[in-house]
Amino acid sequence: MTFLSRRSYYTVDPANVEHILKTNFENYPKGGESHYRLFDLLGNGILNTDGNMWRMHRKLGSLEFSVKKLRHLTASVYKRNALKLVDELITSNQEVDVQELLLDMTFQSICEVAFGSVFDPERDCTAEAGSIAVALDNAQEMITRRYMYPWWKINKFLGIGSERVFREDMTKFNNFLMDMIERKESQMQNEVECRDRDYAPVQDLLSRFLWAQEKTSHQDTLASRKSKQMIKDAMMSFVLAGRDTTASTLSWFLYCMCIYPDKQEKIFEELVKLENLTLRGNGNKNEIDVTARSYSDENGEVAARRAHEAGQMFVNAKTSKLNDYERNMFNLSRKFAEEVLIYENLHSNSLPYLHSALAETLRLYPAVPRDGKVALKADILPDGTRLRAGDQVAYIPYAMGRMQFLWGPDASSFNPERWIRDGCFQPESPFKFTAFQAGPRMCLGKDAAYLQMKLTAALLIRFFRFELVPNHPVEYRMMNVMTMKHGLRVNVTVRKMNQEV
């Protein structure tokens, strides 16, 4: 394909993908044109850089996803925010836009991971800024138009049309990021008397970047010249990656659960079986209906303690407004989260069907449906395609997930069973299943994303049934991340506590 004398190639061949992302990785950067087009959104963050800058971001970011850190995230941040979502659904008596709720949940989570503090709209936003999450969504949609409208540079220069809207939304979000950075700097300065130069007292992502900058401030290295702008760019990339991709995948997962209710029930059965096995291992041999009653028999003091430990400081005020059945479900969800949805169960093959359903969702609805590179030097792809220096080449995860030569005649169907062999989840080659990229740029947060998605999906399917609101339109929104244009409106039904499989 040729456009304005520029040649572009699109591929769905795993051999070509492996060549581009791994074998000849250094020859296929994102490129200067893509960097320029996305710079106003991503700056020089990890999602928009190559070379040494990218390596620096990746090195610092990788420390956030150690096994120890993932255990902490599972037990605290992810669980706490997923339970807040459960609380909202328990008391909901009408249809809800679950995509909006999931975006809010993942935004809360990534703020805690990135900034080390819970997002508070009253504290972290000015009245004029409005919702910064909405501003971020709008900015992403506006910048996507740069790929389709060659005259975007003129609009940017004149400050009109979508470029004016984009600039206003980015101002809101950039102000939020800079406020968070300045607040964290002040916090770290207040702690200076209790630490030395080789000790980092806090372990959130922003603190790690600030600490690395401080340690190199007197050295003649690339990192020593980084400013607040560089750190802001880093935070922007991690917020986008941690919020939008996870919420998008969970939304499409629930959409698939609505379209394929039999798959929804299979996941529920798997969760109940794991629950019974876990509780028997803890000395409780009762079946799930007895277990549910024992959960609900706990008095308010115990329920309050459990919720407090999960970070729900508002539990007394909230539970006082619940009826008996809702209060029982409130307690039951916490017991299930604390004793069943532990790191070991989520990280292992204890829930193969749930894991397979999430992978199948990513196969059909990858969060990032397209990824492009530029050839630095002339090259020949494994399928014989000859590229000249400067040619653009892109692999298309969305199309790859629907290719029959890769996935068989049922490639367009939602079929989690395709991932299961001998009762266990079996991963595919990352060059065939490209939802998390592959090679040196493999997604840093892959394991964290699966943990958060499995924990959230398990809580939702264990306690609720989901049905798509009749005639609700499900369309793609024009963004780099594949969200739904009109949200996902569903009817939510609380499952009976004594339901047996």
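Trainee: Which strands form the open sheet, in what order, and in which sense do they pair?

Mentor: The open sheet consists of 3 strands in the order S3-S11-S10, and their pairing is antiparallel. Strand S3 (96-97) and strand S10 (464-468) stand at the edges, and because each has a single partner strand, one side of each is left without a neighbour in the sheet. Strands here are DSSP runs of type E with at least two residues, helices are runs of H or I with at least four, both numbered from the N terminus, and two strands pair if DSSP finds at least two bridges between them. Bear in mind that this is a predicted model, in which local features need pLDDT of at least 70 and side-chain atom pairs count only at pLDDT 80 or more, while totals for chains, interfaces and linings use all residues. Residues are numbered from 1 along each chain as its sequence is written, and side-chain values use heavy atoms, with hydrogens and water left out.

Trainee: How many bridges join S3 to S11, and how many join S10 to strand S11?

Mentor: S3 and S11 are paired over 2 bridges in the antiparallel sense, and within this pairing valine 96 stands opposite valine 490 of S11. S10 pairs with strand S11 (residues 489-494) over 5 bridges, again in the antiparallel sense; phenylalanine 466 faces valine 492 in S11, and glutamate 467 has asparagine 491 of S11 as its bridge partner. Helix H21 (residues 446-463) packs on this sheet, touching S10 and S11, and its direction makes about 90° with that of S10.

Trainee: How do the axes of helix H4 and helix H16 cross?

Mentor: The axes of helix H4 (residues 67-90) and helix H16 (residues 324-339) come within 10 Å and cross at roughly 160°, and the two helices are therefore roughly antiparallel to each other. On the H4 side the contact includes Lys79, Leu83, Val86, Asp87 and Ile90, and on the H16 side Glu326, Met329, Phe330, Ser333, Arg334, Ala337 and Glu338.

Trainee: Which strands pair with S7, and in which sense?

Mentor: Strand S2 (residues 6-11) pairs with strand S7 (residues 392-395) in the parallel sense over 4 bridges, whereas strand S4 (residues 371-374) is joined to S7 by 4 bridges and runs antiparallel to it.

Trainee: How many salt bridges does a search of the whole structure find, and which residue forms one with arginine 7?

Mentor: A salt bridge is a side-chain nitrogen of Lys or Arg within 4 Å of a carboxyl oxygen of Asp or Glu, and the search of the whole structure finds 33 of them. In one of these, aspartate 391 is joined to arginine 7, with the closest N and O atoms 2.8 Å apart. Aspartate 391 lies in the loop between strand S6 (386-387) and S7, and arginine 7 lies in strand S2, so the pair ties together parts that are 384 residues apart in sequence.

Key:
Contact means heavy atoms within 4.5 Å. Axes are lines fitted to C-alpha atoms, for helices over the stretch in contact, and angles run from 0 to 180 degrees between N-to-C directions. Angles under 35 degrees count as roughly parallel, over 145 as roughly antiparallel, 65 to 115 as roughly perpendicular and the rest as oblique.
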